[in-house]
Amino acid sequence: MNIGWIGLGNIGGVMASNLLKAGYHLFVHDLEYKAAEKLIASGAKWADTPRALAGKSDTVISSLPGPPQVRAVMEGKHGVFAGIRKGCTWIDMSTTDAEEVERLGKIAAGKGVSLLEAPLTGGVTLARAGGITILVGGEKEVFEAQLPMLRKIGGKILLMGPLGSASIVKVITNLLALGHLIMAGEAFMLGNQAGIDPKALLEGIQASSGNSYTIEKEMPLVYNGSYDVGFSMALACKDLGLTMKHARKYGVPLELGALVEQIFIRAKKQYGDAANSTQAVKLLEDTMNVYLRKTGYEDFR
């Protein structure tokens with residue numbers, strides 16, 4: 001099977017590499033040729049445009065920042081839709097908008113192309129290990145046909161329902177994760193000011209009903225001073241914006257969700273688009289002039 005991969009960012013590049021290691025013939029494209037150099041050295045083939053890539057592929061996978069980038073890659077003059085062949089499958093692993101997925105799905109169907117949306121959750125570390133969760137929306141038959149390939153790059157592969165379903169589930173998971181990040185920062189700051197040893201506090205929380213993925217995987221990045229979660233502030237704000245769009249559409253008053261969105265908008269303004277999403281905790285650190293990171297805790301886990 002020839003697979004075309006578009007978008008070689010933090011997670012996309014890792015997953016494309018895993019497919020290559022699994023023995024698939026891989027064509028790659030990114031805005032930056034440099035992002036593809038290691039893959040090319042390992043046997044992947046470069047395509048100059050998404051159109052050229054699509055013409056050589058049985059399955060096209062896109063892993064892009066959001067809806068504008070997906071539209072450009074698919075519908076541009078040299079986009080995928082200009083080159084993809086009837087009978088091919090397009091899998092979009094971007095975190096995008098459910099309505100946009102449905103719109104693009106209709107265009108794809110008109111060209112005889114099947115579409116699966118397949119946003120990812122779990123982060124770069126799980127992606128490297130091939131254990132990331134893939135949330136899939138689309139027709140069951142198409143999903144089952146692509147499942148053997150998806151199992152080479154993911155851990156849990158879950159069918160959420162028809163097109164649009166997975167996009168909504170994905171932003172809901174991010175709302176919970178980002179909201180808990182803010183609460184975790186406040187909780188650890190409270191413990192700090194009360195004089196609780198940070199490792200003892202972490203151990204206590206991990207053994208309690210307050211534990212979560214955020215506590216296990218992200219708060220250690222605050223304590224070791226790196227904040228390096230591999231997920232940008234711009235992406236966090238984009239996903240929270242999509243969540244609030246769905247809330248307005250379905251008339252759900254996300255009161256805490258709206259507050260979380262505003263905190264992240266402020267953090268993005270303070271630290272920039274490229275800052276790690278975990279730096280939202282730094283807003284409280286800067287306010288208190290107290291930093292949770294400690295000398296000697298560089299390897300805090």
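This is a predicted model: local features need pLDDT of at least 70, side-chain atom pairs count only at pLDDT 80 or more; totals for chains, interfaces and linings use all residues.
Visitor: How many of the ten residues of α1 are buried?
Guide: Buried means under 20% relative accessible area, exposed over 50%, and partly exposed in between (1.4 Å probe, protein chains only). Among those in α1 that count as buried are Val14, Met15, Asn18 and Leu19. The helix is largely enclosed by the rest of the structure, because the buried residues number eight.

Visitor: How much space lies in the second largest pocket?
Guide: On a 1 Å grid over the protein atoms alone, a pocket is an open set of points with protein on both sides within 12 Å along at least five of seven lines, whereas a cavity is a set where a 1.4 Å probe fits but cannot get out. Grid points are joined across faces, edges and corners, and the volume is the space filled by probe spheres set on the points. For the second largest pocket this comes to about 240 Å³.

Visitor: Which element gives the most residues to the lining of that pocket?
Guide: Lining residues have an atom within 4 Å of a point, and here they include Gly13, Ser17, Leu20, Lys38 and Leu39. Two elements give two or more residues to this lining, α1 (12–21) and α2 (37–41). With four residues, the element that gives the most is α1.

Visitor: How many residues of this lining are charged?
Guide: Asp, Glu, Lys and Arg count as charged; Ala, Val, Leu, Ile, Met, Phe, Trp, Tyr, Cys and Pro as nonpolar; the others, Gly among them, as polar. The lining has four nonpolar and four polar residues, and its charged residues number three.

Visitor: What distance does helix α11 reach from its first C-alpha to its last?
Guide: The expected span of a helix is 1.5 Å times one less than its number of residues. Helix α11 covers residues 233–250, which is 18 residues. Its reach is close to the expected value, both being given as 26 Å.

Visitor: Which helices are included in what covers the buried residues of α11?
Guide: The buried residues of α11 include Met233, Asp239, Leu242 and His246. Contact means heavy atoms within 4.5 Å. On that basis the cover includes α5 (98–110), α8 (165–193), α12 (255–271) and α13 (280–288).

Visitor: How many disulfides are there?
Guide: A disulfide is a pair of cysteine sulfur atoms within 2.5 Å. Cysteine 88 is buried at 4% relative accessible area, and cysteine 237 is buried at 11%. By the sulfur rule, the number of disulfides is zero.

Visitor: What is the phi of tyrosine 227?
Guide: Most residues other than glycine have a negative phi. Tyrosine 227 sits in the loop between α10 (213–223) and α11 and is buried, with a relative accessible area of 5%. Although not a glycine, tyrosine 227 has a positive phi of about 55°.

Visitor: Is asparagine 289 buried or exposed?
Guide: Asparagine 289 lies in the segment after α13. Its phi is near 55°, positive in a residue other than glycine. At 59% relative accessible area, asparagine 289 is exposed.

Visitor: Which residues does lysine 282 touch, not counting those up to four places away in sequence?
Guide: Lysine 282 is in helix α13. Its relative accessible area of 17% makes lysine 282 buried. Beyond the excluded neighbours, lysine 282 touches Tyr227 and Tyr271.

Visitor: What separates the C-alpha atoms of glutamate 285 and glycine 185?
Guide: Glutamate 285, in helix α13, is buried at 0% relative accessibility. Leaving aside neighbours within four places in sequence, its contacts include Met189, Tyr227 and Arg293. Glutamate 285 and glycine 185 are 100 residues apart along the chain, and their C-alpha atoms are separated by 8.6 Å.

Key
Residues are numbered from 1 along each chain as its sequence is written. Side-chain values use heavy atoms; hydrogens and water are left out.
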